[in-house]
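Please look through the sequence and the three-dimensional structure shown here before reading on.

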Amino acid sequence: MEKLLSIIFIYILVDNFVFQRFFGICPFLGVSRKMETAIGMSMAVVFVMTLATLATWLIYTFVLVPFNLSYLQIVTFILVIASLVQLVEIILRKISPTLYQGLGIFLPLITTNCAVMAVVLLAVRQEFSLLESVIFALAASLGFSMALVIMAGIRERQELAKIPAALKGSAVTLITAGILSLAFLGFKGMLTL
Amino acid sequence: MKVNNPYLQDLTQGIVKENPTFRLLLGMCPLLGVTAYIVNGLGMGLAATAVLIASNLVISMLRNFIPPQVRIPCFIVIIATFVTIIEMVLQAFQPVLYEALGVFVPLIVVNCIILGRAEAFASKKPVLRSLSDGIGMGIGFTLGLVILATVREIIGQGTIFGPDPESAIHLFGANYEPMALFAQPAGAFIALGLLLGMVNVIFKRFNI
């Protein structure tokens, strides 16, 4: 229990995936312009990341390790993520068209979201158990969502701000992310696994 | 100056005009994640370049055989194969670098530059042009990594070619207190933001 709680705390605040580990920067910069899209993307990421970690953990432990195939993990994991995203898309379209309308456009983007790949690789590398892996994925994706939503809130206000011409666009977004990351540095070292 | 040679054009396009780091803003995760030291940045750049060249070549060769409906999974499998090879090579011959790059080595597989070039260029163009595009984009990405790493290492550590004490050159002598912020993740974001601003100014000035 203690370990589970510390995993949650660490990967949401201390070791935030975006601000401290640099995973998922592309969607972080790409879809943080509007709050609405940021929330949509966040929900899709939480969903896919947790499912992907569950699936890859089971495949890794019960297929790759017993057959001595762990060198195939990159190929296997990326295929699992890609097909899982496709599957989720198909199922969602069938059972919940409203949810599909919200998440639909973000799902294909998730295949190349390195945060998802990072989570499944790290879960295996840190030798988490199944429950720990799933909690880890949930915490990491919630941390990612929090970063995305904070950033979207700031960027919506930045639209109206006067920014030096050279820094307009991505440059100022990166500097803002840097300052946010600086704020999260305050949690550094609070807890380690 | 007008360049008519298409191979040369493909090559230079990735380095300057469509530089993946400073113009297209692709491959941001490794760019920010491994650039605390120049050596790590260079290693990451070369590893990604090797994968990019190999995947561009193979995908371009197979472009008439891959059915368009399933092309993305096919590209991903080809890229993942080369990433696995590079990971094994690094692990065997450069264990220190492999440790330093950590999870960012397998993450080359989701680097948007590689899949992006496969989709936008290699799947449509002949083999030799895809090769020069791969080399150009690879050099452009490596250049971005090395520039950011140079800034961060000089300011954040006061050295170049660290962290190995044998190769590290201390630039400012013993009295220099490095600005630790630039070795931290926050410094990576800020340094890249400022560099982007600078590149924007330079490109505007020379009308590129």
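In α3(B), 18 of the 24 residues are buried, so this helix is largely enclosed by the rest of the structure; a residue counts as buried if 20 or more other C-beta atoms lie within 10 Å of its own, as exposed if 12 or fewer do, and as partly exposed in between, with C-beta atoms placed from the backbone. Helices here are DSSP runs of H or I with at least four residues, and they are numbered from the N terminus. This is a predicted model, in which local features need pLDDT of at least 70 and side-chain atom pairs count only at pLDDT 80 or more, while totals for chains, interfaces and linings use all residues. Residues are numbered from 1 along each chain as its sequence is written, and chains are lettered from A and ligands numbered from 1 in the order in which they are written.

Helix α3 of chain B covers residues 38-61, and its end C-alpha atoms are 34 Å apart, which agrees with the 34 Å that its 24 residues should span at 1.5 Å a residue, the expected span being 1.5 Å times one less than the number of residues.

One partner of this helix is α4(B): the two pack at an angle of about 145°, with their axes 9 Å apart, where axes are lines fitted to C-alpha atoms, for helices over the stretch in contact, and angles run from 0 to 180 degrees between N-to-C directions. Among the residues that make the contact are Ala47(B), Ala50(B) and Val51(B) of α3(B) and Phe75(B), Ile78(B) and Phe82(B) of α4(B), two residues being in contact if their C-beta atoms, placed from the backbone, lie within 7 Å. The residues of this contact divide into 13 nonpolar, 1 polar and no charged; Ala, Val, Leu, Ile, Met, Phe, Trp, Tyr, Cys and Pro count as nonpolar, Asp, Glu, Lys and Arg as charged, and the others, Gly among them, as polar.

Another partner is α6(B), which packs with α3(B) at an angle of about 30°, their axes being 10 Å apart. The two helices are therefore roughly parallel to each other, since angles under 35 degrees count as roughly parallel, over 145 as roughly antiparallel, 65 to 115 as roughly perpendicular and the rest as oblique. Here the contact divides into 7 nonpolar, 3 polar and 1 charged residues.

Where the chains meet, 30 residues of chain B are in contact with 32 residues of chain A. On the side of chain B that touches chain A, α2 (28-33), α4 (71-93), α6 (112-122) and α8 (185-205) each supply at least two residues, and α8(B) gives the most, with 10 residues. That side of chain B divides into 23 nonpolar, 7 polar and no charged residues.

In chain A, the axes of α4 (residues 73-95) and α7 (residues 114-125) come within 10 Å and cross at roughly 130°, which makes α4(A) oblique to α7(A). The buried residues of α4(A), including Phe77(A), Ile78(A) and Ile81(A), pack against α3 (35-64), α5 (97-103), α6 (107-110) and α7 of chain A together with α4 of chain B.

Finally, Ala137(A) lies in helix α8 (residues 130-158) of chain A and is buried, with 29 other C-beta atoms within 10 Å. Its C-alpha atom is separated by 6.0 Å from that of Met49(A), 88 residues apart along the chain.
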